[in-house]
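This explanation goes from the course of the chain to its surface and then to a pocket. Please have the sequence and the model open together.

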Amino acid sequence: MDDISGTGVTMARKEIEKAVETLLENSLAEQNVELVDVEYVRERDWILRIFIDKDGGVDLNDCQRISELAGTILDKKDFISGNYLLEVSSPGIDRVLKKDKDFIKYAGSEVDVKCYSPLDDRKELKAFTAELRGLTEDGKIKLIYNEEELIVDKDKISQMRLHFSF
């Protein structure tokens with residue numbers, strides 16, 4: 001837990017990530033940059049990671065420009081107590097898919113799926129590669145695994161990444 005804005009109110013990691021996302025999303029969109037994800041993690045030090053993307057991909061100049069912009073905005077709001085390192089980068093070729101727009105945008109792509117526990121008590125459905133088919137009307141994830149359609153609640157998936165093969 002961290003104290004936000006010196007008020008004595010504590011904020012969990014996920015709340016900090018959401019607050020940063022809310023704070024930065026519009027400013028980044030004005031720069032024609034998509035805010036893909038935010039992570040606030042403790043490694044050796046606290047690290048605030050901001051993953052960005054844009055049409056044609058991002059380069060080092062984009063990361064530096066957005067780092068400066070985000071740093072200015074975050075310093076002005078100053079709601080994360082304590083020191084942290086700010087990192088801005090591309091989500092990478094094997095990007096994590098978390099948001100509904102990701103599941104729609106990457107429909108038709110192969111994905112690596114990791115579940116908290118095997119789906120339908122089938123051992124092979126704990127960590128597997130499948131084709132993402134998008135979302136159902138009620139927001140569940142549609143996958144094709146070995147020609148079988150799977151409809152999966154998002155809360156059963158610990159991580160989903162775009163599949164990358166060499």
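A contact here means heavy atoms within 4.5 Å. In this predicted model, residues 24 or more positions apart account for 52% of the contacts in the chain with a separation of 6 or more. The model's local features need pLDDT of at least 70, side-chain atom pairs count only at pLDDT 80 or more, and totals for chains, interfaces and linings use all residues. Residues are numbered from 1 along each chain as its sequence is written, and side-chain values use heavy atoms, with hydrogens and water left out.

The chain has three helices and 10 strands, taken as DSSP runs numbered from the N terminus (helices H or I, at least four residues; strands E, at least two). Their order from the N terminus is β-β-α-β-β-α-β-α-β-β-β-β-β. The C-alpha trace spans about 50 × 40 × 30 Å along its principal axes.

Of the 166 residues, 37% are buried, that is, under 20% relative accessible area (1.4 Å probe, protein chains only). The chain exposes about 10,100 Å², of which carbon and sulfur atoms supply 46%; the areas come from the Shrake-Rupley method with a 1.4 Å probe.

Where is empty space left? Rolling a probe the size of a water molecule over the atoms shows this. The largest pocket has a volume of about 490 Å³. Among the 24 residues that line this pocket, Val96, Leu97, Lys98, Ser158 and Gln159 are the closest to its centre. Helix 1 (13–30), strand 3 (34–42) and strand 10 (157–162) are the elements that give two or more residues to the lining. A pocket is an open set of points on a 1 Å grid over the protein atoms alone, where a 1.4 Å probe fits, with protein on both sides within 12 Å along at least five of seven lines; lining residues have an atom within 4 Å of a point. The volume is the space filled by probe spheres set on the points, which are joined across faces, edges and corners.

Note on methods. Buried < 20%, exposed > 50% of the residue type's maximum accessible area, 1.4 Å probe, protein only.
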